[in-house]
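Let's take a walk through this structure together. Have the sequence and the 3D view ready, and follow along from one end of the chain.

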Amino acid sequence: PISIGLRRLASRQTVLELATQFGVGPSSIVRITDELINALAALAPQVVQLPRTSDALEDYRSRFERKGSLPGATMAIDGTHIPVHPPVDDASSYFCFKGYYS
(Lines give C-alpha, C1' and ligand atoms only; values in the text may rest on other atoms or scores of the structure.)
Protein backbone atom coordinates (compact mmCIF):
# COMPACT_ATOMS: atom_id res chain seq x y z
CA PRO A 1 0.00 0.00 0.00
CA ILE A 2 2.86 2.46 0.55
CA SER A 3 3.67 2.35 -3.15
CA ILE A 4 0.07 3.26 -3.98
CA GLY A 5 0.11 6.31 -1.72
CA LEU A 6 3.53 7.42 -2.89
CA ARG A 7 2.54 6.99 -6.52
CA ARG A 8 -0.57 9.11 -6.02
CA LEU A 9 1.41 11.86 -4.31
CA ALA A 10 4.21 11.80 -6.89
CA SER A 11 2.23 11.57 -10.12
CA ARG A 12 -0.51 13.39 -11.92
CA GLN A 13 -2.51 10.23 -12.43
CA THR A 14 -6.16 10.26 -11.47
CA VAL A 15 -7.57 8.06 -8.74
CA LEU A 16 -9.31 5.98 -11.41
CA GLU A 17 -6.07 5.50 -13.37
CA LEU A 18 -4.25 4.42 -10.23
CA ALA A 19 -7.08 2.09 -9.23
CA THR A 20 -6.83 0.36 -12.60
CA GLN A 21 -3.04 0.27 -12.49
CA PHE A 22 -2.88 -1.28 -9.02
CA GLY A 23 -5.99 -3.44 -9.30
CA VAL A 24 -7.84 -1.89 -6.37
CA GLY A 25 -10.95 0.24 -6.00
CA PRO A 26 -10.81 4.05 -6.18
CA SER A 27 -11.89 4.36 -2.55
CA SER A 28 -8.88 2.21 -1.58
CA ILE A 29 -6.56 4.65 -3.37
CA VAL A 30 -8.03 7.55 -1.39
CA ARG A 31 -7.97 5.68 1.93
CA ILE A 32 -4.40 4.44 1.46
CA THR A 33 -3.19 7.93 0.53
CA ASP A 34 -4.90 9.45 3.56
CA GLU A 35 -3.38 6.82 5.85
CA LEU A 36 0.09 7.43 4.38
CA ILE A 37 -0.18 11.20 4.84
CA ASN A 38 -1.37 10.78 8.43
CA ALA A 39 1.47 8.35 9.18
CA LEU A 40 4.06 10.71 7.70
CA ALA A 41 2.62 13.66 9.61
CA ALA A 42 2.81 11.66 12.85
CA LEU A 43 6.45 10.73 12.19
CA ALA A 44 7.56 14.18 11.07
CA PRO A 45 8.38 15.58 14.53
CA GLN A 46 10.66 12.60 15.17
CA VAL A 47 12.57 12.72 11.90
CA VAL A 48 12.47 16.33 10.73
CA GLN A 49 14.46 18.63 12.96
CA LEU A 50 13.92 22.27 12.08
CA PRO A 51 16.03 25.10 13.43
CA ARG A 52 14.18 26.84 16.28
CA THR A 53 16.00 30.17 16.34
CA SER A 54 17.38 32.58 13.77
CA ASP A 55 20.90 31.82 15.07
CA ALA A 56 20.34 28.10 14.51
CA LEU A 57 19.00 28.80 11.01
CA GLU A 58 22.06 30.87 10.20
CA ASP A 59 24.29 28.07 11.52
CA TYR A 60 22.59 25.59 9.15
CA ARG A 61 23.04 28.00 6.22
CA SER A 62 26.72 28.54 6.89
CA ARG A 63 27.40 24.80 7.27
CA PHE A 64 25.67 24.01 3.97
CA GLU A 65 27.62 26.73 2.22
CA ARG A 66 30.92 25.60 3.75
CA LYS A 67 30.45 21.87 3.11
CA GLY A 68 28.55 21.82 -0.14
CA SER A 69 28.89 25.24 -1.77
CA LEU A 70 25.14 25.65 -1.45
CA PRO A 71 24.54 29.27 -0.49
CA GLY A 72 21.13 29.89 1.06
CA ALA A 73 20.37 26.20 1.64
CA THR A 74 19.33 25.31 5.17
CA MET A 75 18.46 21.60 5.01
CA ALA A 76 18.28 18.53 2.80
CA ILE A 77 16.10 15.44 2.57
CA ASP A 78 17.79 12.05 2.48
CA GLY A 79 17.04 10.07 -0.65
CA THR A 80 16.33 6.83 1.18
CA HIS A 81 14.86 4.10 -0.98
CA ILE A 82 11.94 2.13 0.44
CA PRO A 83 11.38 -1.31 -1.12
CA VAL A 84 7.95 -1.61 -2.78
CA HIS A 85 5.98 -3.99 -4.97
CA PRO A 86 5.70 -2.09 -8.26
CA PRO A 87 2.59 -1.95 -10.43
CA VAL A 88 2.68 -4.67 -13.08
CA ASP A 89 2.34 -2.32 -16.04
CA ASP A 90 5.07 0.13 -14.93
CA ALA A 91 7.62 -1.85 -12.92
CA SER A 92 10.65 -0.35 -14.68
CA SER A 93 9.81 3.12 -13.31
CA TYR A 94 10.25 1.76 -9.80
CA PHE A 95 13.58 -0.06 -10.30
CA CYS A 96 16.35 1.86 -8.50
CA PHE A 97 20.12 1.94 -8.90
CA LYS A 98 20.45 -0.20 -5.77
CA GLY A 99 19.05 -3.16 -7.69
CA TYR A 100 15.48 -3.40 -6.34
CA TYR A 101 12.08 -1.74 -6.69
CA SER A 102 11.62 1.35 -4.56
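This is a predicted model: local features need pLDDT of at least 70, side-chain atom pairs count only at pLDDT 80 or more; totals for chains, interfaces and linings use all residues.

Residues are numbered from 1 along each chain as its sequence is written, and side-chain values use heavy atoms, with hydrogens and water left out.

Start at helix 1, which covers residues 2–10. Helices here are DSSP runs of H or I with at least four residues, numbered from the N terminus. Within helix 1, Ser3, Ile4, Gly5 and Arg7 are buried; that word means under 20% relative accessible area, with exposed being over 50% and partly exposed in between (1.4 Å probe, protein chains only). And what do the buried residues of helix 1 pack against? They sit against helix 2 (15–22) and helix 3 (26–47).

Those two partners also pack against each other. Two packed helices are described by the angle between their axes and the distance between the axes. For helix 2 and helix 3, the angle is about 100 degrees and the axes are 8 Å apart. The axes are lines fitted to C-alpha atoms over the stretch in contact, and angles run from 0 to 180 degrees between N-to-C directions. Helix 2 and helix 3 therefore count as roughly perpendicular, a label for angles of 65 to 115 degrees. On the helix 2 side, Val15, Leu16, Leu18 and Ala19 do the meeting, and on the helix 3 side Pro26, Ile29 and Val30. Contact here means heavy atoms within 4.5 Å.

Now for the charges. Side chains of opposite charge can pair when their charged atoms come close. A search of the whole structure turns up four salt bridges, each being a side-chain nitrogen of Lys or Arg within 4 Å of a carboxyl oxygen of Asp or Glu. One of them joins Arg7 and Asp90, whose closest N and O atoms are 2.8 Å apart. This pair ties together distant parts of the chain: Arg7 belongs to helix 1, Asp90 to the segment after helix 4, and 83 residues separate them. Arg7 counts as buried because its relative accessible area is 16%, and Asp90 is buried too, at 17%.

An α-helix has 3.6 residues a turn, so residues three or four places apart point the same way. The N to O distance for Glu35 and Arg31 is 3.3 Å. Glu35 is partly exposed at 46% relative accessibility, as is Arg31 at 42%. In helix 4, Arg61 and Glu58 lie three residues apart and meet in a salt bridge of 3.7 Å, N to O.

Finally, the surface. Leu43, Val47, Val48, Leu50 and Met75 make up a nonpolar patch with about 460 Å² of accessible area together. Patch members have over 30% relative accessible area and no salt bridge, with nonpolar side chains joined within 5 Å and like charges within 9 Å; areas come from the Shrake-Rupley method with a 1.4 Å probe. Met75 comes from the segment after helix 4 (54–68) and is partly exposed at 38% relative accessibility.

Conventions:
Helices (H or I, at least four residues) and strands (E, at least two) are DSSP runs, numbered from the N terminus. Angles under 35 degrees count as roughly parallel, over 145 as roughly antiparallel, 65 to 115 as roughly perpendicular and the rest as oblique.
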